[in-house]
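Subject: Structure for you to look at

Hello,

I am passing on the structure we talked about, followed by notes on what turned up in it. Please read them with the model open.

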Amino acid sequence: MTAFQRDQLHALVAVIEEGSFDAAARRLHVTPSAISQRIKAMEQNAGQILVQRIAPVTTTRAGDVVMRYARQMQLLETDTARELNENLYLQGKRSISLAVNADSLATWFLEALVMLLESTGVVFDICRDDQEHTTSLLRSGEVMAAVTSIAAPVQGCTSEKIGVMRYRAVCSPSFHDRWLSGSTDLTLLRDAPVVNFDRKDILQDQFFRTSTRQDLQSSRHFIPTSDDFVRAVLLGFGWGLLPEQQCLQAIETGRLLELASDEPVDVDLYWQRWKLASPLLDAITDAVRTTATAFLHH
């Protein structure tokens with residue numbers, strides 16, 4: 001197998017990020033036919049199908065491997081160009097893809113990235129997913145680094161613990177009056193409505209099972225944005241677990257009641273990144289490490 005050409009690698013990244021050959025062509029200012037020819041040439045070179053021609057276009061298992069290589073080459077290009085001519089990258093023309101869970105994104109992660117805006121001149125492409133699933137984006141080559149609750153490093157990556165996100169089980173006073181009637185018996189929550197972020201969110205189930213040795217039987221609201229999740233709990237849709245940064249003030253003012261003040265839920269967070277010598281990725285890692293130290297428990 002010969003080396004892939006630079007324009008072929010850029011075509012692959014564009015197709016996957018944009019989701020179609022037409023959109024990739026518009027982004028790279030070429031024809032869809034040119035994009036198709038580049039992808040076909042890569043597949044002939046690899047001897048395998050690299051992309052699934054569906055909507056949106058996705059990579060195959062072999063395509064994941066080439067996608068990681070394509071992103072690594074782009075990162076090296078960015079590092080090299082920045083060192084040779086910093087002014088080229090003050091316009092934010094290079095994109096860095098990172099994966100992060102919603103709660104980190106809502107509470108501390110952007111504070112890490114803002115430290116880099118002027119010094120790097122890149123733009124950030126943030127992929128949001130549950131902290132137990134962000135590593136799959138690393139594995140597929142969609143992102144270069146990720147905040148995750150998985151300690152074991154993805155192949156080709158390093159992993160370091162950056163802190164602990166602490167959650168509190170809370171509900172509104174009106175919800176507490178209706179479903180618990182002033183009781184501290186958590187088993188009463190078994191049939192009470194609960195707020196989940198999405199269908200990957202098992203934090204509430206884990207808390208209830210640990211606290212009561214029972215399984216939840218309740219109806220569920222699915223609220224898939226962090227701020228609206230908080231609002232739903234405040235409004236009394238159901239009970240749920242919120243990061244301390246999003247609920248401590250409301251607990252202090254009585255807008256939220258803590259269901260088990262002596263049972264916070266701690267989730268270890270890790271930063272996984274490619275094992276690639278990159279000044280840019282090093283700078284991002286330093287910023288994430290510093291900000292996590294300031295915002296998270298240790």
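Predicted model: local features only at pLDDT ≥ 70, side-chain atom pairs only at ≥ 80, totals over all residues.

Overall

The chain has 298 residues, of which 50% count as buried. Its C-alpha trace spans about 70 × 40 × 30 Å along the principal axes.

Two packed helices are described by the angle between their axes and the distance between the axes. Helix H1 (residues 6-18) packs on helix H2 (residues 21-28) at about 120 degrees, and their axes are 8 Å apart. Angles of 65 to 115 degrees would count as roughly perpendicular, so H1 and H2 are oblique to each other. Their crossing is right-handed. On the H1 side the contact is made by His10, Ala11, Val13, Ala14, Val15, Glu17 and Glu18, and on the H2 side by Phe21, Ala23, Ala24, Arg27 and Leu28. Sorted by class, the contact of H1 with H2 has eight nonpolar, one polar and three charged residues.

H2 also packs against helix H3 (residues 32-46), at an angle of about 105 degrees and with the axes 8 Å apart. That angle makes H2 roughly perpendicular to H3. Here Phe21, Asp22, Ala24, Ala25 and Leu28 of H2 meet Pro32, Ile35, Ser36, Arg38 and Ile39 of H3. The contact of H2 with H3 divides into seven nonpolar, one polar and two charged residues.

H5 and H12

The axes of H5 and helix H12 (residues 279-295) come within 8 Å and cross at roughly 140 degrees. H5 and H12 are therefore oblique to each other. H5 passes H12 in a right-handed crossing. From H5 the contact takes Thr107, Trp108, Phe109, Glu111 and Ala112; from H12 it takes Ala287, Val288, Thr291, Ala292 and Phe295. By class, seven residues of this contact are nonpolar, two are polar and one is charged.

Which residues of helix H10 (residues 226-234) are buried? They are Ser226, Phe229, Val230, Ala232 and Val233. These residues cover an arc of only 160 degrees around the axis, which puts them on the same side of H10. The cover over them includes helix H5 (102-114), helix H9 (203-212) and helix H11 (244-253), together with strands S6 (157-171), S7 (194-196) and S9 (240-243).

Arginine 231 also lies in H10. Its relative accessibility is 49%, so arginine 231 counts as partly exposed; exposed would need over 50%. From arginine 231 to valine 143 the separation is 88 residues in sequence and 30 Å in space, C-alpha to C-alpha. Just after H10, glycine 236 takes a positive phi of about 90 degrees.

Regards

Definitions and conventions:
Residues numbered from 1 in each chain as written. Heavy atoms only, no water. Buried < 20%, exposed > 50% of the residue type's maximum accessible area, 1.4 Å probe, protein only. Helix = DSSP H or I, 4+ residues; strand = E, 2+ residues; numbered from the N terminus. Arc of directions from axis to C-beta. Contact = heavy atoms within 4.5 Å. Axes fitted to C-alpha atoms, helices over the stretch in contact; angles between N-to-C directions. Parallel < 35°, antiparallel > 145°, perpendicular 65-115°, else oblique. Left-handed = near helix turned anticlockwise from the far one by under 90°. Nonpolar A, V, L, I, M, F, W, Y, C, P; charged D, E, K, R; others polar.
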